[in-house]
Amino acid sequence: MRGSLSFGILGLDSRGRLLLEALSGVAQCRVQAVADTDSRLLKSVSDRYGCDAYDDYRQFIIQNKFDTLVIVANLHRCLDTVRMAIKEGIHCLKLVPMARDFEEACELWRLAQGRHVRFDVANPLRYHQGFQALGQLLRNGTIDRPFLARLWCDVGVLADEDPQQPDSQKDWITDQELAGGGVMLHNAYPLIDQLIECFGVPQQVYSLCNSQASDRQQLHHLTEDTALVTMRFSESLMADSIAMRHWDDRPASVSITVHGREQIVTASLEGLTIQDQRGRTIQADTYPYDALGGLRSLLADYELSFRKPREHPFASDGPSNLERMAVMQAAYLSARTGSPEEPERILGIGKK
């Protein structure tokens, strides 16, 4: 590609505003236009970044010819806009998760394939040094014969809100049809992504989910606040994932711990720790979480994948994230059936 890569940003919640700040610091990338339903927020963003602003999503697509649409808004608010962008030949970069369910993910991916455009997924956790170090230790065999991986995700729903610019009301979070899922889909997805990146797609998935709603509410209309997922990768390797969300502003706590025959290695937002089998610390490396820096690394990587697609392909592409969505689908299906489910079977159905 020649010149800079132009972006349109769809959705200006806290993640969208952080993305704008990140883009402004990445060479060869520029923001061409933004869209949101909050007109006051649009004006302040337009003034600050010198870009066009739209509160009409349709006009946002029609009047602009940017290279990539970054989808920050939730798909229940903008699915038709995303379809329209793909049909106009615009590449899409969706912040995690890829979609609300496997069927929707397949639809968007097939539509993108038919129009010869990319549909990629942005997971900034891939660019955190602690999780990158864990992946490297597994690839080079430093962690001898891993047999168990444990994922931990504990988040506060209101943690990322700016009191001066609160996000739109969050009623959609508890609506299964609008949200597609709860803490497992919207918060644990980056960790599941990391797990599959390290070990591949699990053979079987078994899960339990519940909500923190009162007994008087109709629980089947609510998304889960707590999820427990067990995965079997082989006869010698399994994993479990615990995800919880709370209706407060506590900071996120996420980690992956891999148990090997000789070592226990934990990657978290704070860094990487290596322990022996008795729990004694052998090595502790501190890598403070930098959300802005992670996004800038991701965007620089994304831009490079356009300039040098063969040498630097973007790893978090559509097909790889369909695998993640199949694991999610298997987990939600298992929670309903009470039986283990097989992601590969779901992937096979999606290919038909």
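Let me start with helix 6, whose buried residues pack against helix 9 (189-199), strand 11 (253-259), strand 12 (263-268) and strand 13 (271-276). Before going further: this is a predicted model. Helix 6 covers residues 129-139, and its buried residues are Gly-130, Phe-131, Ala-133, Leu-134, Gly-135, Leu-137 and Leu-138. Just after helix 6 comes Gly-141, which takes a positive phi of about 80 degrees.

As a reminder, strands of a sheet pair through backbone hydrogen bonds, either parallel or antiparallel. Which strands are at the edges?

Strand 9, residues 226-234, and strand 10, residues 237-246, are antiparallel partners with eight bridges between them. If you want a place to look, find Leu-228, which stands opposite Ile-242 in strand 10.

Arg-245 is joined to Asp-225, with the closest N and O atoms 2.7 Å apart. This pair links distant parts of the chain, as Arg-245 is in strand 10 and Asp-225 is in the loop between strand 8 and strand 9, 20 residues apart. Are these two residues buried or exposed? Both Arg-245 and Asp-225 are buried.

Six strands form an open sheet in the order 3-2-1-4-5-6, and here the pairing is parallel. Strand 3 (52-54) and strand 6 (119-122) are at the edges with a single partner strand each, so one side of each has no neighbour in the sheet. The twist from one strand to the next averages 25 degrees.

Within this sheet, look at strand 2, residues 29-35. Six of its seven residues are buried, so strand 2 is largely enclosed by the rest of the structure. Strand 1, residues 5-10, pairs with strand 2 in the parallel sense over six bridges. Leu-5 has Cys-29 as its bridge partner in strand 2, and Ser-6 has Arg-30.

Helix 4, residues 75-87, lies across strand 1, strand 4 (68-71), strand 5 (91-95) and strand 6. Helix 4 runs at about 170 degrees to strand 4.

On to the cores. The largest nonpolar core has 80 residues, and the members that touch the most others are Leu-69, Val-82 and Phe-119. Helix 11, residues 318-337, gives this core its largest share, eight residues. A second core is separate and has 28 residues, including Phe-7, Val-31, Val-45 and Val-70.

What does Phe-119 touch, leaving aside neighbours within four places in sequence? Its contacts include Ile-71, Val-82, Ile-86, Met-98, Leu-108 and Trp-109, and among them are also Lys-94 and Asp-317.

Back to charges. How many salt bridges does the structure hold? There are 20. One of them joins Asp-120 to Arg-118, with 2.9 Å between the closest N and O atoms. Asp-120 counts as buried because its relative accessibility is 3%, whereas Arg-118, at 21%, is partly exposed. Another joins Arg-345 and Glu-341, at 3.4 Å from N to O. Here Arg-345 is partly exposed at 40% relative accessibility, and Glu-341 is buried at 11%. There is also a network of salt bridges linking Arg-126, Asp-193, Glu-197, Glu-323 and Arg-324.

Last item: cysteines. How many disulfides are found in the whole structure? The search finds zero. Cys-198 is partly exposed at 28% relative accessibility, and Cys-209 is partly exposed at 31%.

That is the end of my tour.

Conventions:
Residues numbered from 1 in each chain as written. Predicted model: local features only at pLDDT ≥ 70, side-chain atom pairs only at ≥ 80, totals over all residues. Heavy atoms only, no water. Pairing = 2+ DSSP bridges. Helix = DSSP H or I, 4+ residues; strand = E, 2+ residues; numbered from the N terminus. Core = buried A, V, L, I, M, F, W, Y, C linked by side-chain atoms within 4.5 Å. Buried < 20%, exposed > 50% of the residue type's maximum accessible area, 1.4 Å probe, protein only. Contact = heavy atoms within 4.5 Å. Salt bridge = Lys/Arg side-chain N within 4 Å of Asp/Glu carboxyl O. Disulfide = S-S within 2.5 Å. Axes fitted to C-alpha atoms, helices over the stretch in contact; angles between N-to-C directions.
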